[in-house]
Amino acid sequence: MRLLLITQDFPPDTGGIETYSFELARRFHRHAEQFAVIAPAKKDSAVDRELPYPVFRLPVRNSLLPLAAPVLVTYLSNRRHFDTVFHAQWQTAGASLLSRKLGYPRNIYVAAHARELLTAPFYDNGTRLNGMLNRVRKILFSRVTAFFPVSQYTAELLRMEGVPNEKIRVITNGTDPERFRPEEQPDLAKRLNAGNKPVVVTVCRLVRRKGIDLVLRALERLQKQGQDFVYIIGGSGPEEQNLKQLADTLGLTERVHFAGRIPGDQLAAYYNLADLFVMPARAEPPDVEGFGITFLEANACGVPVIGTKTGGIPDAVIDGKTGFLIEENNIDQLTSCMARLIEDPEMAERMGTNGRNRVIKQMTWDQVAEKLLENMERINRKSQR
């Protein structure tokens with residue numbers, strides 16, 4: 001297979017789709033006869049020099065890659081005979097469809113995460129442009145070889161777009177259990193003055209949808225019940241000041257540590273400091289948690305997790321086994337589940353162990369890439385008959 005990966009989100013940027021694209025690229029290149037990536041240019045693309053495969057950067061911001069990519073995709077596909085293109089988002093698929101008219105690629109695959117299927121970018125200009133976009137999207141979707149949604153929720157979004165079941169194969173996200181593995185963190189615990197207190201951790205972009213305000217309100221209840229704890233919030237975003245003010249208002253300032261954006265090489269240490277990881281995300285379309293890789297990262301470190309029954313989170317968390325799933329915005333359930341895990345270390349350890357075992361057995365990036373490659377190769381063979 002001669003494989004080209006096209007993504008609007010790629011390092012040095014960080015985020016869920018950036019991780020997805022980067023981790024798959026690391027593995028695709030080992031198995032493909034020829035492999036390359038197309039991504040937007042960044043001021044700091046030093047990461048490219050360390051990669052064992054070429055990254056072709058187009059000098060546009062992420063959202064404009066679909067408009068800038070067709071010429072390069074056509075050139076690379078037909079000059080290097082890339083027979084297969086994998087798109088991290090549907091928006092760039094048009095470039096491959098145009099190129100296919102000249103012979104290559106023969107097969108076009110598209111991942112699906114959630115937000116990109118719910119976004120209406122021309123909302124402020126009325127519904128006419130969105131209607132045009134929807135028509136274009138349906139045409140593109142009808143010509144894609146197959147889709148790989150990362151959750152059952154995202155698969156249902158594709159069905160609502162009219163994509164037939166036979167073109168949908170759910171392959172969930174993964175993580176790296178070698179990078180994220182259980183390790184004691186005495187130095188970090190000392191630096192954050194955690195002592196022997198239970199530690200609650202959230203790592204995410206600081207936006208309302210992630211539900212950190214709910215965690216703070218639940219912790220206020222636990223504090224009133226006499227529970228001791230430290231809450232570490234990793235990440236940055238527009239809600240940071242509001243959350244700091246809320247923590248102060250609730251009397252939690254001494255217990256809450258805003259760690260800021262945590263560098264990738266330090267992320268596992270913060271997970272390992274945790275007694276539980278919690279992210280009670282809300283569904284605020286188009287902003288919906290399509291999966292939640294952070295739940296797997298925490299589980300891989302042997303940490304139990306708490307999420308909500310929204311979006312694709314139920315694919316990331318097995319309720320009652322690797323953690324708890326609560327109803328959206330339900331502070332009572334959140335408080336109860338947090339208390340249970342804090343007060344019952346044996347249950348917390350058991351759930352964390354279950355989570356790590358699940359990751360190792362079925363949710364590593366190696367396994368995700370293998371499933372994707374096997375599906376693409378099988379479909380490619382059928383198309384050649």
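1. The largest cavity in this predicted model holds about 30 Å³ of space. The count of cavities of 30 Å³ or more comes to one.

2. Eight names make up the lining of the largest cavity: Thr19, Glu23, Thr175, Asp176, Arg179, Phe180, Glu297 and Trp365. By class, this lining has four charged, two polar and two nonpolar residues.

3. Helix α8 covers residues 212–224, and helix α13 covers residues 331–343. Their axes come within 9 Å and cross at roughly 60°. That angle makes α8 oblique to α13. The crossing of the two helices is right-handed.

4. On the α8 side, the contact with α13 uses Leu214, Val215, Arg217, Ala218, Leu219, Arg221 and Leu222. On the α13 side, Ile331, Asp332, Leu334, Thr335, Met338, Ala339 and Ile342 take part. The contact of α8 with α13 counts 10 nonpolar residues, three charged and one polar.

5. Helix α8 also packs with helix α9, residues 240–249. Here the axes are 10 Å apart, at an angle of about 10°. Angles under 35 degrees count as roughly parallel, and α8 and α9 are therefore roughly parallel to each other.

6. Which residues of α8 meet α9? They are Ile212, Asp213, Leu216 and Arg217. Their partners in α9 are Leu243, Leu246 and Ala247. The contact of α8 with α9 has five nonpolar and two charged residues, and no polar ones.

7. Arg217 of α8 deserves a separate entry. Arg217 is listed in the contact with α13, and Arg217 is also among the α8 residues that meet α9.

Technical notes:
Residues numbered from 1 in each chain as written. Predicted model: local features only at pLDDT ≥ 70, side-chain atom pairs only at ≥ 80, totals over all residues. Heavy atoms only, no water. Axes fitted to C-alpha atoms, helices over the stretch in contact; angles between N-to-C directions. Helix = DSSP H or I, 4+ residues; strand = E, 2+ residues; numbered from the N terminus. Parallel < 35°, antiparallel > 145°, perpendicular 65-115°, else oblique. Left-handed = near helix turned anticlockwise from the far one by under 90°. Contact = heavy atoms within 4.5 Å. Nonpolar A, V, L, I, M, F, W, Y, C, P; charged D, E, K, R; others polar. 1 Å grid on protein atoms, 1.4 Å probe; cavity = no way out; pocket = protein on both sides within 12 Å on 5 of 7 lines; lining within 4 Å. Points joined across faces, edges and corners; volume = space filled by probe spheres on them.
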